Amino acid sequence: MAAPVAGALTTGQNAGRVIGKPDFTTAAITAGGLANTGLGRRLFVDSNGKLFVSDAANHRVLIWNSLPTSNGVPADVVVGQANMNANLANRGGSAASASTLSAPAGMYSDGTKLYVADRQNNRVLIWNAIPTTNGAAANVVVGQPDMVATPANTRQDALSGPIGVWVNGGKLFVADRDNHRVLIWNTVPTTSGANADVVVGQPDFNSGLRNRDSTTANNSLSAPGHVSTDGTKLFIADTDNHRVLIFNNIPGGNATAADVAVGQPNLTTGSANQGGSVGATTLNGPTFVYSDGTNLFIADRVNNRVVIFNVIPSTSTPNAAANVAVGQTDLVSSVGDVSATGLSGPSSALTASGKLAVFDADNARVLLYNAVPTVHGTAANVVVGQTAMTNGCDNQRCPPAANRFSSSPGVFSTGSSLFVSDQGNGRVLRFNAIPTANGVSADVGIGVSNLTSVGGGTSQ
């Protein structure tokens, strides 16, 4: 991914583009139709240009050795299955193995190793080299003592429903959601069953209760939804405590207290919108946090907005107020909307190549801003997924097309190309250039034979 771009921000700036809908007034898809079919839960492109797709429902990860440039290009390698036509959890066996997966979630690659959060097997698998053959066996398992075991546990060497993986500075970070904690390995494990070095959110490695079975505290978590780091600070989206915790340094010991709580007036409260109305200092079910090193972006999902802080909040700015609300016209509104200025249930936000991309999950679209918003009222620049800003057609009424999709859980930009994970249609769409006009058709459909067909499998 290209380097993030910082910039001055102003509350309420409108998006410049909408991706996944024809205009800013087309509503989200409803249940039914093709909503339960899909290719990928998450996608990733490494520094070598390889494309990875976590195909959760088919219990596999697909790898393209180079970015596809034509429609229907098949994956080069499948991980988790013996061949491209199989799709059973753990290959239909009663036990897991080094070459099986069950509903893989997050993944990461540094261009050399591959890391996969094998969520239903309660483990993280590590391949020491990017697999080049189908069904390649992982080299290391984290969260289980061996490649066969799968039970959820709460120990120093165990995991329960890991949902996210992050690697930075040689450290491995895992969001162990069902244990209400984040585990840190100070070095990436090279042997199976390695003990974590640090636990965040619990007093010790044998505890796994929500908020440590007490009340919200500066060292507790409740169903963390995401973990990330800029290399110095650690950020955790503490979803059910309606806050984002910031650690000024990567924790080096257990039960380290966070330095800052964003979304709450202090480090001991955890009510949605601080027990009142939405405001510049509140959050409601944040699911994602990301920093470009200067700005902090939080997907404030239930408040139907992404909030941006021009400076990462610190201990000198308790109860910090966001500078920008993307998806709302001000910092005190929270109504979901389908418009140039509206969002409904945004799930994540990131910057790449100077642009801001927002996953507007409940509206089944991706909004693309040509620059990080700085003023109210700026319209989105591009809609991908429909033919015009004022027209709309979901998969219950119209067949899939090169410029329409039913849902968009993921988007990735290489800086020149745009990839959209069209989960509802079982495919990934590639746009060879970042769209600059509404309704631009995709150039490549990955996972399908053409741009009017759908892929198979059911998504998680």
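In which sense do strand β12 and β13 pair, and over how many bridges? Strand β12, residues 181–185, pairs with β13 in the antiparallel sense, over three bridges. Here strands are DSSP runs of E with at least two residues, numbered from the N terminus, and two strands pair if DSSP finds at least two bridges between them. Within this pairing, I184 stands opposite V198 in β13.

Before going on, please keep in mind that this is a predicted model: local features need pLDDT of at least 70, side-chain atom pairs count only at pLDDT 80 or more, and totals for chains, interfaces and linings use all residues. Residues are numbered from 1 along each chain as its sequence is written, and side-chain values use heavy atoms, with hydrogens and water left out.

Now step back to the whole sheet. It is an open sheet of four strands in the order β10-β11-β12-β13, with antiparallel pairing. β10 (162–168) and β13 (198–200) stand at the edges with a single partner strand each, so one side of each has no neighbour in the sheet. Neighbouring strands here are turned by 20 degrees against each other on average, direction ignored, with axes taken as lines fitted to C-alpha atoms.

Let's turn to the aromatic rings. Rings of Phe, Tyr and Trp (its six-membered ring) pair if their centres lie within 6.5 Å; planes under 30 degrees apart count as stacked, over 60 as edge-to-face and the rest as tilted. The count by this rule is two aromatic pairs. Y108 and Y115 form a tilted one, 6.1 Å centre to centre with 55 degrees between the planes.

Technical notes: Axes are lines fitted to C-alpha atoms, for helices over the stretch in contact, and angles run from 0 to 180 degrees between N-to-C directions.
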